[in-house]
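User: I would like a close look at one part of the model below.

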Amino acid sequence: MEKYTIQDFNRLFPDDDTCLEWLRKKLYPGKIFCPDCKKPTKFYRIKGRKVYGCDLCGHQLSPTANTIFDHSPTPLKLWFYAIYLMSSTRCGISAKQLQRELGVTYKTAWRMFHQIRSMLGNGSGLLSGEVEMDETYFGSRKPGKRGRGAAGKTSVFGMVQRKGNVKAIVTGDLKRTTLYPIVKEHILPKSMIYTDEYYAYRGLPQEGYGHKRVRHAAKIYVSGDVHTNTIEGFWSLLKGGISGVYKAVGKEYLQNYVNEYAFRYNHRKDEIPMFITILDRIRSQQC
Ligand SMILES: [Zn+2]
């Protein structure tokens, strides 16, 4: 991936105004439909304010409306810088680090993180070809039932296309009725799926998938192309990241963290810098 340096960042986004204009151009390229004039008109920047006004009637529009920046008192440049920091480190940074770098409160840094991560969800593309599937756990370190169904833990179900993308989803449980709809939503029929011997996976051929199982119980981890090393590699990235950087992650925020790691994994070989890819995800979410 092309390195996107802090100099590049400062050149492109020297101040709040540049960030706002960038946002306006991205979300409202060309003429903007004015709800008062009921037609596309030109909007101009209103000096000293974070809004644009209709050339004809003066109707005001804020480019930050309905974006992750909406109603935030934090300057836009700091938001953009937070995105830059998140995208320029290999394994992510913590809210504590962000707090120090931006000079904001911990609470603000944490909320910014949460908002930025909310844009990094699973892409819509389907996985196909050779796909590995597995599950892992987060949560209490209490000893107890090992593996599936372990009490007090949160399960994450993962699917990865070899040499392709990963999708990882926090699930309440790992029952067949929970997993199969997810599998069908994300994996193209007739793909070859590699799993371990977990019983819930046994019905995959009936769902139209090829299926090969690794015999972990027999201490066989790789047999030719039959292995789950790719998804296990992703789990170790995820676990290393979360324990090293984020420490304890609340259950309700786990999906957001998982998304960040899946996003990093899926864009690891991109030519486009990750910073630009994240900026590109900024949307105006009308609700
Ligand atoms: Zn107007």
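Which residues does Phe80 touch, not counting residues up to four places away in sequence?

Analyst: This is a predicted model, in which local features need pLDDT of at least 70 and side-chain atom pairs count only at pLDDT 80 or more, while totals for chains, interfaces and linings use all residues. Residues are numbered from 1 along each chain as its sequence is written, and side-chain values use heavy atoms, with hydrogens and water left out.

Leaving out residues up to four places away in sequence, Phe80 touches Phe9, Phe13, Cys19, Trp22, Phe69, Phe275 and Leu279; contact means heavy atoms within 4.5 Å. In the largest nonpolar core, which has 42 residues, Phe80 and Ile116 touch the most other members. Such a core is a set of buried Ala, Val, Leu, Ile, Met, Phe, Trp, Tyr and Cys residues joined through side-chain atoms within 4.5 Å, where buried means under 20% relative accessible area, exposed over 50% and partly exposed in between (1.4 Å probe, protein chains only). Two or more residues come from each of several elements, including helix H2 (16-27), helix H3 (76-88), helix H5 (106-117) and helix H9 (274-280). Helices (H or I, at least four residues) and strands (E, at least two) are DSSP runs, numbered from the N terminus. H3 gives the most to this core, with nine residues.

A second, separate core of 19 residues includes Leu127, Phe157, Ile182 and Ile193. Ile182 is also one of the buried residues of helix H6 (residues 176-186). The buried residues of H6 pack against strands S6 (130-139), S7 (153-161), S8 (166-171) and S9 (192-195). S7 is largely enclosed by the rest of the structure, because seven of its nine residues are buried.
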